[in-house]
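Visitor: I have the model open and want to go through some contacts. Can you walk me through it?

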Amino acid sequence: MSVTLGQPVPDFTAQATSDTTVKLSELKGRKVVLFFYPKDNTPGCTSEGQAFRDHYSQFQESDTLVFGVSKDGIKAHENFRAKHEFPFELISDKDETLCKLFDVIKLKQMYGKEYMGIERSTFLIDSNGVLQHEWRKVRIKGHVEDVLQAAQMVDTQTQTDSSDNSNEEE
């Protein structure tokens with residue numbers, strides 16, 4: 001089973017940094033960004049994490065929680081997070097539960113070798129737990145700005161939907 005745009009994301013529980021357990025059902029009422037990345041402390045993953053860090057206050061203003069996800073362990077995540085002063089938690093998905101749910105494990109190639117690994121991907125879940133946006137095969141430049149804009153638009157769309165409904169009742 002994997003996630004589908006416009007559908008509720010199945011509840012999940014995952015271990016994260018700061019001795020945190022992330023349970024999707026407990027985050028209802030807030031938007032959630034999950035960005036999947038291949039490995040801690042690699043150049044691309046560091047750049048992506050730093051971009052989310054640099055825009056973090058804007059995500060907070062938009063009532064959006066941000067979580068990075070990779071297969072690295074908690075200790076590696078804690079070091080990566082501290083080194084780059086990430087204000088958000090990093091989820092350890094060693095058993096690939098979330099990776100499989102979001103279908104981000106793909107055949108990749110490096111130096112002529114093929115292997116299965118995380119394809120850089122980001123998902124935006126609205127405050128009702130519904131998957132609103134997905135970005136796959138992410139290129140880092142400008143990506144976080146696109147995600148932030150989508151998170152802000154989900155706010156606007158929700159407010160528009162609410163006012164449309166209130167007009168119908170009048």
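Visitor: What does Ile91 touch, not counting residues up to four places away in sequence?
Guide: Ile91 touches Ala14, Gln15, Ala16, Val22, Leu34, Phe67, Gly68, Val69, Ser70, His77 and Leu98. Contact here means heavy atoms within 4.5 Å. This is a predicted model, where local features need pLDDT of at least 70, side-chain atom pairs count only at pLDDT 80 or more, and totals for chains, interfaces and linings use all residues. Residues are numbered from 1 along each chain as its sequence is written, and side-chain values use heavy atoms, with hydrogens and water left out.

Visitor: Where is Ile91 placed?
Guide: Ile91 is in strand β5, residues 89-92. Strands (E, at least two residues) and helices (H or I, at least four) are DSSP runs, numbered from the N terminus.

Visitor: Is Ile91 buried or exposed?
Guide: Ile91 counts as buried because its relative accessibility is 0%. Buried means under 20% relative accessible area, exposed over 50%, and partly exposed in between, with a 1.4 Å probe and protein chains only.

Visitor: Which residues have the most contacts inside the largest nonpolar core?
Guide: Val9, Phe12, Leu34, Phe36, Ile91, Leu98 and Phe102, in a core of 25 residues. Such a core is a set of buried Ala, Val, Leu, Ile, Met, Phe, Trp, Tyr and Cys residues joined through side-chain atoms within 4.5 Å.

Visitor: Which elements each supply at least two residues of this core?
Guide: β1 (13-16), β3 (31-36), β4 (64-70), α4 (97-101) and β8 (121-125). A second, separate core has 22 residues, including Val33, Phe35, Phe52 and Leu124.

Visitor: And Leu98, what does that touch?
Guide: Phe12, Ala14, Phe36, Val69, Ile91 and Asp93, again without residues up to four places away in sequence.

Visitor: Changing topic. What is the bridge partner of Leu124 in β9?
Guide: The partner is His133. β8 and β9 (residues 131-135) run antiparallel and are joined by four bridges; two strands pair if DSSP finds at least two bridges between them.

Visitor: How many residues sit between β8 and β9 in the hairpin?
Guide: Five, and Gly129 in the turn has a positive phi of about 85°.

Visitor: Now α1. Which of its residues are buried?
Guide: Cys45, Thr46, Glu48, Gly49, Ala51 and Phe52.

Visitor: Where does His55 sit?
Guide: His55 is in the loop between α1 and α2 (56-61). His55 is buried, at a relative accessible area of 17%. Beyond its neighbours within four places in sequence, His55 is in contact with Val144, Glu145 and Leu148.
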